[in-house]
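This report describes selected helices and strands of one model. Please view the sequence and structure alongside the text.

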Amino acid sequence: MRITIFGSGYVGLVTGACMAEMGNNVVCYDIDEAKINRLNAGELPIYEPGLEAYVARNMESGRLVFTTDVKKAVDHGLFQFVAVGTPPDEDGSADLKHVLAVARSIGEHMDEYRIVVNKSTVPVGTADKVGAEIRKALKARGKSVEFDVVANPEFLKEGAAISDFMKPDRIIIGTDNPRTAELLKSLYEPFNRNHDRVICMDVRSAELTKYAANAMLATKISFINELANLAEHFGADIEKVRLGIGSDPRIGYHFIYPGAGYGGSCFPKDVRALAKSAADSGYDAVLLNAVEDVNVRQKLRIFEKLLDHYDGELKGKTIALWGLSFKPRTDDMREAPSRVIMEALWDAGASVRAYDPEAMEETARIYPDQKGLELCETAYGALEGCDALVIITEWQEFRSPDLDLLKTTLTEPVIFDGRNLYDPGLLHTMGITYYAIGRGNADADSNLPYGRRKMDNAETE
Ligand SMILES: NC(=O)c1ccc[n+]([C@@H]2O[C@H](COP(=O)([O-])OP(=O)(O)OC[C@H]3O[C@@H](n4cnc5c(N)ncnc54)[C@H](O)[C@@H]3O)[C@@H](O)[C@H]2O)c1
């Protein structure tokens, strides 16, 4: 089938590459000329495991083409996928300017029937606005061309985007037109081989489903983080509590890892956007606002622990930081907890020596010429001359470090672990001062059978 994708970011690029991999002819369009030039030169603008091979293979076969020619893009696909950003506006609502700009472009250039498939995360009612924008552009040309607008939200996770797209848990198709639903179903048929993953519904329910999913996941994280803070007050170990509650199948073990707060391009903005939509419709979304408040506070927990340890005086300290991306296996730094912590450290007069396997380039782009920031080539290199180590992102290479080397390289053996990666008992016997999340005074001389956190590699935030 012939597919056009507007937006060549995390979602657009993965959608394009995976659709081409299944044999479709895909044109990816983006307004960012530099991005398209890089892609045409065989360079990936983002880090996503496995994506490079997919893009290269399908470009070579001619099934995946990148362009900045909007007419060519609209002419190409029966399916016009919208995968552009919906960043937060100043008031927290989703800014639809990119989505509506795409709608305008489609209306300005289409000459025959098109199915506009919205993959961007958008508030309920956006499909109607997209339809109105297309009609307006058509009218300005004196044209009348049939089209449909479908809500088809995307659920892929950065870091596992290819496997999420190729083997989705569900494919939500929101349309009131049965013929369009059938066309979408046949497009997704190859991703559906083992059992039917398509769930068809009306457009508004499909739009809300995406926000509901992200809000639920964010709620789980804020819930366990709140409990982690309580565990510290009560002298309990949240990792034990997590296992204790996870054993109830109604709760489950998934996605209840306490940490440094959720970040990324989705949860924070989507929770805020849903709460704002609710407020605009006259409903006070008490729970959603609390989920956001808990998260804002949680991003500073590690900084507060640093302040406590150094009696409120961080001026002149040098802190090593492992992990900059908002989660492992991505270079995405949007709303990353590392940014909040680094900025708080700089404000307090401390310096940071940071290391991340993939997000250093992005960090340098966000903080050009930042005083008090040194990006280091290796994890152990980052420790040199530092007073303490802070761990923010649970990259696998941080899970089993050389603790002897770590201890001797730091000026003082102190670790602030925002992801509960280590066994507090072991670190204590090694003489390393260890602060974790929700593990009471993990440094105390205690006989508690602490132990390492067991976690599923495939499912961090
Ligand atoms: N990143 C994720 O993990 C994820 C997962 C599910 C859903 N989403 C949603 O998908 C959407 C896209 O997210 P993303 O992370 O891929 O964003 P992104 O910022 O990585 O990419 C968006 C791209 O759209 C381009 N663009 C902007 N205006 C355009 C226009 N008028 N025409 C063509 N291209 C245009 C930008 O240049 C950019 O390359 C958002 O609504 C997001 O909430 C993201």
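## Basis

Helices (H or I, at least four residues) and strands (E, at least two) are DSSP runs, numbered from the N terminus. The model is predicted: local features need pLDDT of at least 70 and side-chain atom pairs count only at pLDDT 80 or more, while totals for chains, interfaces and linings use all residues. Residues are numbered from 1 along each chain as its sequence is written, and side-chain values use heavy atoms, with hydrogens and water left out.

## Helix H1

Helix H1 covers residues 10–21; its 12 residues should span 16 Å at 1.5 Å a residue, and its end C-alpha atoms agree, being 16 Å apart. The expected span is 1.5 Å times one less than the number of residues.

Because 10 of its 12 residues are buried, H1 is largely enclosed by the rest of the structure. Buried means under 20% relative accessible area (1.4 Å probe, protein chains only). Among the buried residues are Tyr10, Leu13, Cys18 and Met19. Gly23, which follows H1, has a positive phi near 100°.

## Strands E7 and E8

Strand E7 (residues 171–174) is covered on both faces, with Ile171 and Ile173 buried on one side and Ile172 and Gly174 on the other. Four bridges join E7 to strand E8 (residues 198–201) in the parallel sense; pairing requires at least two DSSP bridges. Ile172 stands opposite Ile199 in E8.

## Helix H14

In helix H14 (residues 337–347), the buried residues include Pro337, Ile341, Leu345 and Trp346.

Note on methods. Buried < 20%, exposed > 50% of the residue type's maximum accessible area, 1.4 Å probe, protein only.
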